Structures are given as C-alpha cells and as structure tokens.
Amino acid sequence: MSVIFGEMRTFPQGDGADVRLRVFGDEFYARYENDAGYTVVYDPNLERYCYAVLVQGHLISSGTPILKQPPLGLRRHLQE
C-alpha cells in the first residue's frame with residue numbers, strides 16, 4: 001500500500017500541457033490540489049484538469065480549467 005500526503009506530481013492532460021498537482025491519497029482514492037490549494041478533478045470532456053466543486057458530497061468538475069482564475073467564491077481544500 002502506497003500513501004501520498006501532499007507530494008507534488010506531474011500529470012498529463014489530453015489537450016494541453018502537463019500540470020503539477022499536490023496528491024493526497026492511496027491506490028484506491030486520491031484527491032488533487034493545485035499550488036494555490038484548490039481541489040481539482042480531471043474533466044474528460046474538456047481533456048483538462050478543472051477546479052472541483054462539491055455537489056451532494058461529491059467532487060465534480062466546475063468546467064473551469066485550472067490555468068484560468070478559479071470560480072468566484074470557490075473554497076480551497078474541498079473534500080468528499
């Protein structure tokens with residue numbers, strides 16, 4: 001079992017440059033944050049990492065890629 005507590009890793013994007021994200025988790029579940037502490041998820045429709053929003057206890061894509069400004073009012077360090 002391999003647990004990661006906040007290590008920075010590089011991830012590819014299907015349609016864009018690689019991104020560096022902080023990883024929290026293990027081989028069964030992981031959560032990702034950018035340098036500013038915003039939780040992000042991979043959006044397969046956009047083929048990019050996007051800021052995450054919490055909807056009914058689940059992290060989903062906001063549709064805003066992390067290379068842009070975060071949505072207004074978005075909290076940092078979101079968790080399911």
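These questions and answers walk through a predicted model of one protein chain.

Me: How are residues numbered, and which pLDDT cut-offs apply to this predicted model?
Reply: Residues count from 1 along each chain as its sequence is written, and side-chain values use heavy atoms, with hydrogens and water left out. Totals for chains, interfaces and linings use all residues, while side-chain atom pairs count only at pLDDT 80 or more and local features need pLDDT of at least 70.

Me: How many helices and strands does the protein chain have?
Reply: Helices (H or I, at least four residues) and strands (E, at least two) are DSSP runs, numbered from the N terminus. From that end the elements read β-β-β-β-β-β. The count is zero helices and six strands.

Me: What radius of gyration does the protein chain have?
Reply: The radius is taken over C-alpha atoms, and the globule rule is 2.2 Å times the number of residues to the power 0.38. For 80 residues the rule gives 12 Å, and the chain comes close to that, so it is as compact as a globular protein of that length. The C-alpha atoms fill a box of roughly 35 × 30 × 20 Å along the principal axes. The radius of gyration is 12 Å.

Me: What percentage of the 80 residues is buried?
Reply: Buried means under 20% relative accessible area, exposed over 50%, and partly exposed in between (1.4 Å probe, protein chains only). Buried residues make up 34%.

Me: Which residues have the most contacts inside the largest nonpolar core?
Reply: A nonpolar core is a set of buried Ala, Val, Leu, Ile, Met, Phe, Trp, Tyr and Cys residues joined through side-chain atoms within 4.5 Å. The largest one has 15 residues. Strands β1 (4-13), β2 (16-25), β4 and β5 each supply at least two residues of this core. Those with the most contacts inside it are F11, V19, L21, Y49 and I66.

Me: Which residues does I66 contact, leaving aside neighbours within four places in sequence?
Reply: Contact means heavy atoms within 4.5 Å. Under that rule, the partners of I66 are V19, L21, V40, Y49, C50 and Y51.

Me: How many bridges join β5 to β6?
Reply: Two strands pair if DSSP finds at least two bridges between them. Strands β5 (residues 48-55) and β6 (residues 58-65) run antiparallel. C50 stands opposite P65 in β6. The number of bridges is five.

Me: Which residue in the hairpin of β5 and β6 takes a positive phi?
Reply: The hairpin has two residues between the strands. The residue in question sits in the loop between β5 and β6.

Me: Is T39 buried or exposed?
Reply: T39 lies in strand β4 (residues 39-43). Leaving aside neighbours within four places in sequence, its contacts include Y32, E33, A52 and L59. The C-alpha atoms of T39 and A52, 13 residues apart along the chain, are separated by 5.5 Å. At 1% relative accessibility, T39 is buried.

Me: Which residue's backbone nitrogen lies 2.8 Å from a polar side-chain atom of T39?
Reply: The residue is one of the contacts of T39, leaving aside neighbours within four places in sequence. The backbone nitrogen belongs to L78.

Me: Which side chain joins that of E33 in a polar contact of 3.0 Å?
Reply: A polar contact is a pair of N or O atoms within 3.5 Å; within protein, one must be able to donate a hydrogen and the other to accept it, and residues adjacent in sequence count only if both atoms are side-chain atoms. E33 belongs to strand β3 (residues 30-33) and is buried, with a relative accessible area of 3%. The partner side chain is that of H77.

Me: What is the phi of H77?
Reply: H77 is found in the segment after β6. At 46% relative accessibility, H77 counts as partly exposed. Its phi is positive, in a residue other than glycine, and is near 60°.
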